[in-house]
Amino acid sequence: MTDSIVPTPDTAQIANIHTVPVSNAFSILNSGPEGLSQDEVKKRLKRYGQNIITEIKGKPLWIRFLENFTHLLAILLWAGGIVALAAGMPELAIAIWLVNVINGAFSFGQEYKAEKATEALKKLLPMYARVLREGQEERILAENLVPGDVILLEEGDRISADSRLIEENEIRVDQSTLSGESHPVRKTSSAILREDLNRAELSNLIYSGTMVASGTGRAVVFATGMETEFGKIAHLTQTVGKELSPLQKEMGRVTKTISLLAMGIGVLFFIAGI
């Protein structure tokens, strides 16, 4: 390895790294069996960023809380309670407001739990990783891994980044966090030319967030942080749209119509009563 700036690996080559022999995998990543130099690691950290799961900043928590009490149906219920109170029916007013408060609190609780999904995913990633750099074994913070790093694996290790196996000894990986498979999967360092397999089924690739169930091995990192399969899942959990089903949309429309009619009739009766 040299300390000069090396070209960024081609995205298409990275996507097909499972199809090439080990020597070619090193060439694609501008690395080698002895790992990277410390200077090259610094350059790649600047280029690729840290190996971490990032969170997308959304609306402040207090705004999301208030939104559950200020949508159209909620406003109608607040108004309905006021009308009931003005009509001399405080018990009905309190009942209406309680329904509104309970519904809003429940909705916010569901949203809050969904927001915690990213934190739960982060807990599945290890704090440290063992790597080869300039031929020497080191224990580093997993967040400092970069593409081209050679990682060392043994039973019980959590995998820190998406990597191509370059050497293995009866290694099996628990991929349940990624694919849902209940049994550890046998891995190999041989090239795979089949085109009918999805990424999780490629036996020479290992993924961030999974765990070595047995055996030992070495692998060269090709994706870190949000570029890993695990990072893509984390991104989806934060950006998936809250799209309503056709039934939910229709129920919302009917609810609004009925609420408006009820409010209108209630106001008319209130005026008539006065």
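**View A. Trp62 in helix H4.** Trp62 belongs to helix H4, which covers residues 61-67; helices are DSSP runs of H or I with at least four residues, strands are runs of E with at least two, and both are numbered from the N terminus. The model is predicted, so local features need a pLDDT of at least 70 and side-chain atom pairs count only at pLDDT 80 or more, while totals for chains, interfaces and linings use all residues. Residues are numbered from 1 along each chain as its sequence is written, and side-chain values use heavy atoms, with hydrogens and water left out. Trp62 has a relative accessible area of 58% and is therefore exposed; the term applies over 50%, buried applies under 20%, and partly exposed covers the range in between (1.4 Å probe, protein chains only). Together with Phe65 and Leu66, Trp62 makes a nonpolar surface patch of about 330 Å². Patches consist of residues with over 30% relative accessible area and no salt bridge, where nonpolar side chains (Val, Leu, Ile, Met, Phe, Trp, Tyr) are joined within 5 Å and like charges within 9 Å.

**View B. The aromatic pair of the structure.** One aromatic pair is present in the structure. The ring centres of Phe65 and Phe69 are 5.1 Å apart and the planes stand at 55°, so the pair is classed as tilted. Rings of Phe, Tyr and Trp (its six-membered ring) pair if their centres lie within 6.5 Å; planes under 30 degrees apart are stacked, those over 60 are edge-to-face, and the rest are tilted.

**View C. Arg139 over the ring of Tyr128.** Arg139 is placed over the face of Tyr128, 4.0 Å from the ring centre. A charge counts as sitting over a ring if NZ of Lys or CZ of Arg is within 6 Å of the ring centre and within 35 degrees of the ring normal.

View D. Nine salt bridges are found in a search of the whole structure; each is a side-chain nitrogen of Lys or Arg within 4 Å of a carboxyl oxygen of Asp or Glu. One of them joins Arg130 to Glu154, with the closest N and O atoms 3.7 Å apart. This pair links distant parts of the chain, since Arg130 lies in strand S1 (residues 128-133) and Glu154 in strand S3 (residues 150-154), 24 residues apart. Arg130 is partly exposed because its relative accessible area is 23%, and Glu154 is partly exposed at 38%.

**View E. A salt bridge between buried residues.** Asp149 and Arg133 meet through their side chains in a salt bridge, at 2.8 Å from N to O. The two residues are 16 positions apart and link distant parts of the chain: Asp149 is in the loop between strand S2 (136-141) and S3, and Arg133 is in strand S1. Asp149 counts as buried because its relative accessible area is 0%; Arg133, at 5%, is also buried.

View F. The side chains of Glu170 and Arg186 form a salt bridge with an N to O distance of 3.6 Å. Elsewhere, salt bridges with shared partners connect Arg130, Glu137, Glu154 and Asp157 into one network.

View G. Which value does phi take in Glu134? The angle is positive, about 55°, although Glu134 is not a glycine. Glu134 occupies the loop between S1 and S2 and is partly exposed because its relative accessibility is 49%. Glu170, in strand S4, likewise has a positive phi, near 55°, without being a glycine.

**View H. The whole protein for orientation.** The protein has ten helices and seven strands. Of its 274 residues, 33% are buried. Among contacts with a separation of 6 or more, 69% involve residues 24 or more positions apart, a contact being heavy atoms within 4.5 Å. The accessible surface is about 15800 Å², and 61% of it belongs to carbon and sulfur atoms; areas follow the Shrake-Rupley method with a 1.4 Å probe, and for residues only the protein chains shown count as cover.
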